[in-house]
Number of protein chains: 2
Amino acid sequence: MSRSSQTQVAVLGALTVEPMTAYALREAIRDVLGHFWSESFGQIYPTLQALEDEGHVRRQEGARARSSVFVITPSGTARLIELLNEPVQENPPRNGLLLRLFFGRVLGRERCRELLRGAKNAAEAQRAEYEQLLAHLAVAEGDTPDWPYIRMTILAGIHHARAAAAWADECLDTLQGEP
Amino acid sequence: MSRSSQTQVAVLGALTVEPMTAYALREAIRDVLGHFWSESFGQIYPTLQALEDEGHVRRQEGARARSSVFVITPSGTARLIELLNEPVQENPPRNGLLLRLFFGRVLGRERCRELLRGAKNAAEAQRAEYEQLLAHLAVAEGDTPDWPYIRMTILAGIHHARAAAAWADECLDTLQGEP
DNA sequence: GATGCCATGTATCTGTTAGAAATATCTGGC
DNA sequence: GCCAGATATTTCTAACAGATACATGGCATC
């Protein structure tokens, strides 16, 4: 599965919820999938064009001039299921924090401790955000068929944030003492 | 800090260990930083050219024809310290597993459970690999000044893998029962 | 009801990046 | 000598992020 196919998953998936303009699609992906996925206009417009050419989405006239609302077609739903069943594609790791810490001897111990404190605070803030989101959505979406699946993606964020905070704590412990 | 600057960090950092060819640089980055960083030839060669133009690395004749060994210069070390002190740059999230699970209703419950079992196995295997790497490097590098910093990056992998396995378990629990 | 601001909406451009492919060169085994 | 495989360089393509340019409509406020 090429990278662009995963963009198609995000776009087709969002369109299964409701027909949308490209602009709304980008908003939806940012606001709903934002914790684990992102797409830019530079990807969304060409992807929609390709999906239209293949008959997987249909273009409807929008509410205002020169505005298009995209609707997923039956062939688009079939395509989505096909793409969802392809193996998960990992993207290359790029963790700027670990890159800095790896060269920590060059950076200096105190500066590393600052980075770790920052990472810990960020992780705790993010965890609180996820907990709040979970509680909020449990009320709003708790009885929809999508809820168990949405919940799993938020749980992933909580577990990840908790692990990041614990890791930062452990590192701060081992990095203390004489410089 | 642009992404290309972070490539410069990886390249200059690796060259602080020892002078290398571009090929060896790529090997070193893949083998040593591979758990949290990656660079391709398409990035390494232009980056080395740019660093040479700026005087941050020096090109030496290599062991064979048309082969160059790159050496970091004092200005290169200064540049590395400068880059390490710039704020960490996050790259946009792209988690193919969570993307699939989010649309789990379309994918089907049993297929989601398969994905989760796969994720759990992968996380446990990766954790075992990190534990082994940690034990191995503790012997080989345990008394070098770089060790505390290298250790932190491996610890991050262990915490992350542990969290991923726990998350997958929790999800499998909530996703069981009638289809 | 004119004006200006902001959200909505479309489209494209630039530079960055991953990954693979094409091409040499060297080393060791046979 | 010659082949396989490791080392090494260079280039290409498509994916991609992010910015920018531009147009449209709603609505607040004076």
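This short talk goes through how the two chains of this model are arranged and where they touch.

Before anything else, please keep in mind that this is a predicted model, in which local features need pLDDT of at least 70 and side-chain atom pairs count only at pLDDT 80 or more, whereas totals for chains, interfaces and linings use all residues. Residues are numbered from 1 along each chain as its sequence is written, and chains are lettered from A, with ligands numbered from 1, in the order in which they are written.

Let me start with chain A, where the domain assignment, which is an automatic or database one, gives domain 1 (3-84) and domain 2 (96-175). The C-alpha centres of these two domains of chain A lie 30 Å apart.

Where do the chains meet? Counting two residues as in contact if their C-beta atoms, placed from the backbone, lie within 7 Å, we find 54 residues of chain A in contact with 54 residues of chain B. On the side of chain A that touches chain B, the largest share, 16 residues, comes from α8(A), a helix, meaning here a DSSP run of H or I with at least four residues, numbered from the N terminus.

Technical notes. Helix = DSSP H or I, 4+ residues; strand = E, 2+ residues; numbered from the N terminus.
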